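Biologist: I would like to learn how to read a protein model step by step. Could you show it to me and let me ask about its features?

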Amino acid sequence: MTDDLRNTNPLVEAESQLLEICERHAQFDAPIDTGSLGRMAVHIRNINRSVSESTRDHANAAKRLTDFSVTLGRLAKNSSPASEELAQRMKDLAETLRATGAELGQTDSLPRWAQSAATPAS
């Protein structure tokens, strides 16, 4: 695995994916609650900022990310067969958030992606 892939911030990527789904909602064959997904993206942005600045809120962040993962997993599971692309994207997002939450819950240091961002470039 390259350093770029290891250091990619999964929360930035998840936020980006959620916002893209909201922007492109008309292309999917299922109704999407873009308001809820947009609010989830804002929460993920705030969680990212919090866990990148301090280790104090990691337990809470891990719980919230796991909750979002469960919600996205349910949305994927309950989507119509015609919305296979949307369902797969939501499953992938759910797994990313679950894994990121698990990582945060197991450490008392800054996450790997925040460590690389906190280190000044030479």
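Biologist: How many helices and how many strands does the secondary structure of the protein come to?

Modeller: Helices (H or I, at least four residues) and strands (E, at least two) are DSSP runs, numbered from the N terminus. Here the protein has six helices and zero strands, and from the N terminus on its elements run α-α-α-α-α-α. Please keep in mind that this is a predicted model, in which local features need pLDDT of at least 70 and side-chain atom pairs count only at pLDDT 80 or more, while totals for chains, interfaces and linings use all residues. Residues are numbered from 1 along each chain as its sequence is written, and side-chain values use heavy atoms, with hydrogens and water left out.

Biologist: What percentage of the residues is buried?

Modeller: Buried means under 20% relative accessible area, exposed over 50%, and partly exposed in between (1.4 Å probe, protein chains only). Of the 122 residues in the protein, 34% are buried. By contrast, Glu 53, which is found in helix H3, counts as exposed because its relative accessibility is 63%.

Biologist: Which residues have the most contacts inside the largest nonpolar core?

Modeller: A nonpolar core is a set of buried Ala, Val, Leu, Ile, Met, Phe, Trp, Tyr and Cys residues joined through side-chain atoms within 4.5 Å. The largest one has 29 residues, and those with the most contacts inside it are Leu 11, Leu 18, Leu 37, Ile 44, Leu 72 and Leu 97. Helices H2 (10–23), H3 (34–53), H4 (58–78), H5 (84–105) and H6 (112–118) each give two or more residues to this core, and H5 gives the most, with seven residues.

Biologist: With which residues is Leu 97 in contact, leaving aside its neighbours within four places in sequence?

Modeller: Contact means heavy atoms within 4.5 Å. With those neighbours left aside, Leu 97 is in contact with Leu 11, Ala 14, Ile 44, Leu 65, Phe 68, Ser 69 and Leu 72.

Biologist: At what angle do the axes of H2 and H3 cross?

Modeller: Two packed helices are described by the angle between their axes and the distance between the axes. Axes are lines fitted to C-alpha atoms, for helices over the stretch in contact, and angles run from 0 to 180 degrees between N-to-C directions. The axes of H2 and H3 come within 9 Å and cross at roughly 165°. These two helices are therefore roughly antiparallel to each other, a term for angles over 145 degrees, whereas angles under 35 count as roughly parallel, 65 to 115 as roughly perpendicular and the rest as oblique.
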